[in-house]
Amino acid sequence: GGGGNIMIHVNDRLGCKTALLVSPLISIKEVKQKVAARLFKNAYTLVLRKASMIFRDQMRLIDYEIHDGMNLELDYKGEGDLE
């Protein structure tokens, strides 16, 4: 299987929701760049996570078993307890 694009939903604590249609083979860094472009943010400041797991830039969506329709949480570096 695989090969098809998936829809993922990236939500921050302020209620901002970003839906992205992406390949599951792209890296977390690429996802951050796409979200940053939508939100007019610097990709470097973004942190993608699911519950307590923080996603690493060099990993791919498929490595984290992120599937179609999944919600990811978006935090910003320098806010809260991320550093």
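**Salt bridges and a buried threonine**

Threonine 18 is buried, with a relative accessible area of 5%. That value falls under 20%, so threonine 18 counts as buried. The model is a predicted one. Where does threonine 18 lie? Its place is in strand β2, which covers residues 17–22. Which residues is threonine 18 in contact with, leaving aside its neighbours within four places in sequence? They are Ile8, His9, Val10, Asn11, Arg38 and Leu39.

Now turn to the charged side chains. How many salt bridges are there? The count comes to four.

Start with lysine 32 and aspartate 57. These two form a salt bridge, and their closest N and O atoms are 2.7 Å apart. Lysine 32 sits in helix α1, residues 28–39. Aspartate 57 sits in the loop between β4 (53–54) and β5 (71–76). The pair therefore ties together parts that are 25 residues apart in sequence. Are the two partners buried or exposed? Lysine 32 is buried, at a relative accessible area of 8%. Aspartate 57 is partly exposed, at 31% relative accessibility.

Next comes arginine 49. This residue forms a salt bridge with aspartate 75. Here the closest N and O atoms are 2.9 Å apart. What does this pair tie together? Arginine 49 lies in strand β3, residues 46–50, and aspartate 75 lies in strand β5, so the bridge joins parts that are 26 residues apart in sequence. Arginine 49 is buried, with a relative accessible area of 14%. Aspartate 75 is buried too, with a relative accessible area of 6%. Both values are under 20%, which is why both residues count as buried.

Arginine 49 and aspartate 75 also belong to a network. Which residue is linked with them? That residue is Arg13: salt bridges link Arg13, Arg49 and Asp75 in a network.

One more pair remains to visit. Arginine 60 forms a salt bridge with aspartate 63. Their closest N and O atoms are 3.3 Å apart. That distance is within 4 Å, so the pair counts as a salt bridge.

Look back over the pairs. Lysine 32 is buried, whereas aspartate 57 is partly exposed.

Definitions and conventions. Residues numbered from 1 in each chain as written. Predicted model: local features only at pLDDT ≥ 70, side-chain atom pairs only at ≥ 80, totals over all residues. Heavy atoms only, no water. Helix = DSSP H or I, 4+ residues; strand = E, 2+ residues; numbered from the N terminus. Buried < 20%, exposed > 50% of the residue type's maximum accessible area, 1.4 Å probe, protein only. Contact = heavy atoms within 4.5 Å.
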